[in-house]
Protein chains: 4
Amino acid sequence: MPHIRKTIYRILETSAGRRRGLSLLFNITLITIITLNAVAIILHTVPEYNQRYAQLFYDFELFSVIFFTIEYLLRLWVCVENDKYSHWFWGRLRYLFSATAIIDFLAIFPFYFSLFATDLAIVRILRLFRIFRLFRISRYDRAGRMIQQVVSDKKEELILSTAFVVFMLIIVSSIMYYVEHPAQPQKFNSIPATMWWGVSAMTTVGYGDIHPITPLGKLLGGIAAIMGIGLFALPTGILVSGFTEHIRNQKGSVRPRCPHCGREI
Amino acid sequence: MPHIRKTIYRILETSAGRRRGLSLLFNITLITIITLNAVAIILHTVPEYNQRYAQLFYDFELFSVIFFTIEYLLRLWVCVENDKYSHWFWGRLRYLFSATAIIDFLAIFPFYFSLFATDLAIVRILRLFRIFRLFRISRYDRAGRMIQQVVSDKKEELILSTAFVVFMLIIVSSIMYYVEHPAQPQKFNSIPATMWWGVSAMTTVGYGDIHPITPLGKLLGGIAAIMGIGLFALPTGILVSGFTEHIRNQKGSVRPRCPHCGREI
Amino acid sequence: MPHIRKTIYRILETSAGRRRGLSLLFNITLITIITLNAVAIILHTVPEYNQRYAQLFYDFELFSVIFFTIEYLLRLWVCVENDKYSHWFWGRLRYLFSATAIIDFLAIFPFYFSLFATDLAIVRILRLFRIFRLFRISRYDRAGRMIQQVVSDKKEELILSTAFVVFMLIIVSSIMYYVEHPAQPQKFNSIPATMWWGVSAMTTVGYGDIHPITPLGKLLGGIAAIMGIGLFALPTGILVSGFTEHIRNQKGSVRPRCPHCGREI
Amino acid sequence: MPHIRKTIYRILETSAGRRRGLSLLFNITLITIITLNAVAIILHTVPEYNQRYAQLFYDFELFSVIFFTIEYLLRLWVCVENDKYSHWFWGRLRYLFSATAIIDFLAIFPFYFSLFATDLAIVRILRLFRIFRLFRISRYDRAGRMIQQVVSDKKEELILSTAFVVFMLIIVSSIMYYVEHPAQPQKFNSIPATMWWGVSAMTTVGYGDIHPITPLGKLLGGIAAIMGIGLFALPTGILVSGFTEHIRNQKGSVRPRCPHCGREI
């Protein structure tokens, strides 16, 4: 029994190094089903496809949920092979609340829930998050982990600059409300409504459904747009310094040897 | 009396290291009131909330201003505990004109002013600037100070590139005015009006309310948009070099060796 | 015969160092014809030019295709002079499937194909790809190769962040569909249709033909736009670290010393 | 006479170090007149100001041109004090064709030209280019020269990536023309017309006056917008590596000394 568990663990898990035979086959199957699910969820909302292939969509959904459920239960059974979750009960409980397991759970739970309740098409979206499992594919694992670590190293700075953006957005929108409200009471009819303009201007989206028309409003709008340039520059600067640091630290860890005395430098 | 002052100073100030008990409680209370104030100022402008909760908004504003006033007066009293403002009179005067104290003052002053004058809703916005106090929270203090220092180190370059943007904006808009004015005399009716197009094009916002229609105008508009890419690149490049320099200076741990004698420098 | 082949190879190929006399003349002629072709393809679609200069366009196309065909055949003949394609048969076959040769082939093939079939104007676009040959000009060769190498070094990270963008786009658009569909069933009538909004919002283009109008949709739209800032920051950070690494590797001139024996490494 | 010439040269030129007394006064006057000129040129196009202050605008223009003419002639006379232009004839001729002198000339020439010809308001814009003289002010001189040098160091890479953008723009627009022309023959009526969409999409401006409506066109439009992200990343990456190199080289030039043997490292 532990032997079978170990084998299944090796098939399910895509840690670097072992990706041959059954493991490769299973992972390709899984990724294919996940991708087809995403495609099905998207096409399901196109009226003509929905009517013509209604039965196909339902059958595929049923099949996917059964496949995902079996996969989920198997993963829960074999997770104890991982040193992080080795305890038979607490280990599995900790695994249940890991980010990956929660995403896997949210992909199947809505289906069982909707059997009892009314149809909640929106909950199907939860299954879309499984597409991030594609990042686990061997080739991009190293690159993905690097990006993830840099973002996590610079988390504080990134949160801070996002907070700064949001604060500036609140202040700029509040001023704009008092400037443009008299001229366009319908469009700039409250600060929250003006914030829709603000986010569109500062992120340089500019849908054009709402924009200042008074000279003072246009001046303020121009300043907000130029400030938007800074919004792009700050997180970029932070991420770049993160990547640079990461590369320097990484290189430091592969310590070369002195060609003269042979010792590590 | 100096003992009480020192205690109050310790409670009010959030310098690193002492954030326990009363100080923590006070700062959480303060941040909560500041945040609720921002929410109140925003929701106050939504017609339906304003009518329904008019009394609540007024009461909360009254409470906030009284709270902020007491806080302001206490800070003014205890600021002499800080070495920077140690003199009983000149120290306090210098404190009054510090950026923080001015923001704190502007948060309460408009209320007293509006008691005598007509209601100036716009001045309430001044209270919004207090939300930047949230950045003082311990966890983000280090990251915040780093960003602040990099921006201040590169102040000259950033001002210069902003000036460059504004100059290019003036020149591009002036040329565009003469190109598009004959075709669209209503929209491009003066250089200042054309600058509204210019800022929207060069910052890549593009609301769509004003845009060239002649072939020459479109060519110029295209050049302006491509130049806009450079606008994003320049401040980003400046900030990144700032972050890189900052990190290098901070960790001068990889000590090089003298090429002549071979010893560490 | 091999002597003539070598001479022609030297004239056709623009490797650094030999760009004088006939080789220079030929390459200027080639670049001129390629550029004129691009201009002709573009102007061909302007109704008034097409009618007035129909014969000229046709004649120039005929001339270009003949010139390109001769050039293609000559290149195929002389490619064996290059060490990479030295075998008389397999070398030439490998050359036929090199990126450059495929582009050259696609520039002439459609013409011969359309002699037998109906006129496929769209296939003329394939000839446009030849303009990238302009990058081979001596002066920009070094810079071009550097950019190419950095992009190819960071290929994995760039693919990964593009995939991340696409995944976020799918998820954001799916949520937006369920949020905005009830309010705007015409515009947000399926997830694929909503993805048109999503790509426009996240890349900060913002055409304005489709945008959320419900408060929840606007909130989600705002979050998507702010996430768009991150989309710009990530590839920039990746490319910058690539450029920095490249420069550091290129000039390993500041040779460090071994901390044990003090000699240069 | 040479003595007077040297004195005037010292007053006119703003090389670092000597900016006191008359030189400071003259430069402040010059910058004020240049700025007022820019303001006048801009406000001149606002119909109401133009009518009300017509005489004032004319008088100020006359005064400015006279002032600039005297300044231009003086600079031409004293330029020989600069080692670069020391020869009494060839030096002055070389000075006449320096970038600064050409800008100065273009600022005054149109006025004299329009005395004989019809009024060409557009040529007044040439005077706007003089505002870049503001960058010469002492404080920002160092930062400005740094930015200028980095841009000039990376000139090749920047030209190359701009050319790449333009080539991609041509190709994307050509494909889009064949895709969207049948559906929107009015808007996408030729490749040049489609390029207006292309530049607006790839630089993420997105005015909204022209955008694809067919599914295939929208897919291509989405790809173009995501490629636009790369457009921002490339020049930013290039500029950043330029700044980083510049700082490293600069630091390397201030060569420190070994604390053990006292020699330069």
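Predicted model: local features only at pLDDT ≥ 70, side-chain atom pairs only at ≥ 80, totals over all residues.
Modeller: Residues are numbered from 1 along each chain as its sequence is written, while chains are lettered from A and ligands numbered from 1 in the order in which they are written.

Biologist: How many residues of chains D and C are in contact?

Modeller: Chain D brings 36 residues and chain C brings 40. Two residues are in contact if their C-beta atoms, placed from the backbone, lie within 7 Å.

Biologist: Which helix of chain D supplies the largest share of that side?

Modeller: Helix 10 of chain D, with 17 residues. Helix 8 (155-180), helix 9 (191-202) and helix 10 (215-253) of chain D each supply at least two residues there. Helices are DSSP runs of H or I with at least four residues, numbered from the N terminus.

Biologist: How do the residues on that side of chain D divide?

Modeller: Into 18 nonpolar, 14 polar and four charged. Ala, Val, Leu, Ile, Met, Phe, Trp, Tyr, Cys and Pro count as nonpolar, Asp, Glu, Lys and Arg as charged, and the others, Gly among them, as polar.

Biologist: Why do the copies meet through different surfaces?

Modeller: Only 19% of the interface residues of chain D are also interface residues in chain C, so the surfaces differ.

Biologist: Now chain A against chain C. How many residues does the contact take?

Modeller: It takes 46 residues from chain A and 42 residues from chain C. Helix 10 of chain A gives the most to its side, with nine residues. The side of chain A divides into 32 nonpolar, eleven polar and three charged residues.

Biologist: Change of topic. Which residues of helix 2 of chain A are buried?

Modeller: A:I34, A:N37, A:A38, A:A40, A:I41 and A:I42. Buried means that 20 or more other C-beta atoms lie within 10 Å of the residue's own, with C-beta atoms placed from the backbone.

Biologist: What covers the buried residues of that helix?

Modeller: The cover includes helix 4 (54-78) of chain A, and also helix 8 (155-180) and helix 9 (191-202) of chain C.

Biologist: What does UniProt list as "transmembrane region" in chain A?

Modeller: The unreviewed entry lists residues 21-44, 56-74, 95-115, 121-137, 158-179 and 219-243 of chain A. UniProt positions are given in the numbering used here, feature names are shortened, and annotations may be inferred rather than shown by experiment. In the model, residues 56-74 of chain A are 100% helix, with end C-alpha atoms 27 Å apart. Residues 158-179 of chain A are also 100% helix, and their end C-alpha atoms lie 31 Å apart.

Biologist: What is B:S174 in contact with, leaving aside its neighbours within four places in sequence?

Modeller: B:I191, D:I41, D:I125 and D:L128.

Notes:
Buried ≥ 20, exposed ≤ 12 C-beta atoms within 10 Å, placed from the backbone.
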